[in-house]
Amino acid sequence: MNIILLGPPGAGKGTQARKLVEERNMVQLSTGDMLRAARTSGTEMGKTVAAVMDRGDLVTDEIVIGLIREQLESDDGKGGYIFDGFPRTLAQADALGNLLVEMGENLDCVIEMQVDDEALVDRITARSTCADCGEVYNDNTKPIPANGKCGKCGGTNFQRRADDNADSLRTRLMAYYKQTSPLVGYYYAKGDLKSVDGLASMDDVATSIASALRQSEKN
């Protein structure tokens with residue numbers, strides 16, 4: 001099963017992707033991770049990525065699609081793929097769809113994680129992440145354990161993103177609504193879209209996503 005996770009910054013896409021990797025043996029294709037890995041890989045594609053990023057230019061859609069192609073060709077992907085952070089625009093959605101068809105793959109489901117903007121701002125400004133395993137904590141709903149150790153890996157290094165502040169987040173939300181939110185209508189028209197409450201508890205969101213995926217598997 002191949003899926004896309006859609007939602008604004010801080011909606012919890014990365015957290016839910018990690019759960020799907022653990023529970024369904026899926027492969028998470030995060031464009032940010034792929035770009036960082038490619039930059040240090042020494043491959044021809046990696047050299048191209050490094051040159052573009054070193055110039056401070058934006059990585060083109062063609063490069064990102066090329067990286068995704070490499071991943072699809074190199075991974076067995078028996079549990080399917082999670083596209084996290086891509087597509088972001090309608091042009092990217094078309095490019096990804098064409099690539100999947102070319103490689104004999106299907107897009108089975110698009111999960112939209114719906115949120116309320118102000119509630120999201122409150123959540124994200126209280127967020128911390130374990131630097132060792134990526135586990136997410138929240139000052140209000142899931143505080144760092146009293147012993148100062150991550151409940152998942154035992155690490156003690158917790159970080160807050162520099163842009164996890166109200167002004168920065170609202171700027172990122174505006175960029176999302178301008179560029180990426182049209183994908184909601186795009187995939188709805190194709191019959192691929194399922195929506196879940198992204199502001200529910202982590203476990204409740206995971207349950208809703210699992211239900212949506214089961215529905216897609218039956219179709």
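Hi everyone, let's start with a crossing: helices H1 and H9 cross in a right-handed way, where right-handed means that the near helix is turned clockwise from the far one by less than a right angle, and left-handed means anticlockwise. Before going on, please note that this is a predicted model, in which local features need pLDDT of at least 70 and side-chain atom pairs count only at pLDDT 80 or more, while totals for chains, interfaces and linings use all residues. Residues are numbered from 1 along each chain as its sequence is written, and side-chain values use heavy atoms, with hydrogens and water left out.

Helices here are DSSP runs of H or I with at least four residues, strands are runs of E with at least two, and both are numbered from the N terminus.

Back to our pair. H1 covers residues 13–24 and H9 covers residues 202–218; their axes are 11 Å apart and the packing angle is about 60°. Axes are lines fitted to C-alpha atoms, for helices over the stretch in contact, and angles run from 0 to 180 degrees between N-to-C directions. H1 and H9 are therefore oblique to each other: under 35 degrees counts as roughly parallel, over 145 as roughly antiparallel, 65 to 115 as roughly perpendicular, and the rest as oblique.

Who touches whom? On H1, the contact (heavy atoms within 4.5 Å) uses Thr-15, Gln-16, Lys-19, Leu-20 and Arg-24, and the H9 side includes Ile-209, Leu-213 and Arg-214. By class, that contact has 6 nonpolar, 2 polar and 5 charged residues.

Now the second pair. Helix H2 (residues 31–39) and helix H4 (residues 61–74) have axes that come within 10 Å and cross at roughly 85°, so these two are roughly perpendicular. Thr-31, Met-34, Leu-35 and Ala-38 of H2 meet Val-64, Leu-67, Ile-68 and Gln-71 of H4. This time the classes are 6 nonpolar, 2 polar and no charged residues.

Thr-31, which lies in H2, also turns up in an unreviewed UniProt entry, among the residues listed for "binding site", along with others including Arg-36, Asp-57 and Arg-172. Those listed residues spread over 142 residues of sequence and up to 26.8 Å between C-alpha atoms.

Last, the sheet. This open sheet has 3 strands in the order E6-E5-E7, paired antiparallel; pairing takes at least two DSSP bridges between strands. E6 (136–138) and E7 (158–159) are the edges, each with a single partner strand, so one side of each has no neighbour in the sheet. Strand E5 (residues 127–130) is joined to E6 by 3 bridges, and Arg-127 has Asn-138 of E6 as its bridge partner.

How values were computed
Ala, Val, Leu, Ile, Met, Phe, Trp, Tyr, Cys and Pro count as nonpolar, Asp, Glu, Lys and Arg as charged, and the others, Gly among them, as polar. UniProt positions are given in the numbering used here, feature names are shortened, and annotations may be inferred rather than shown by experiment.
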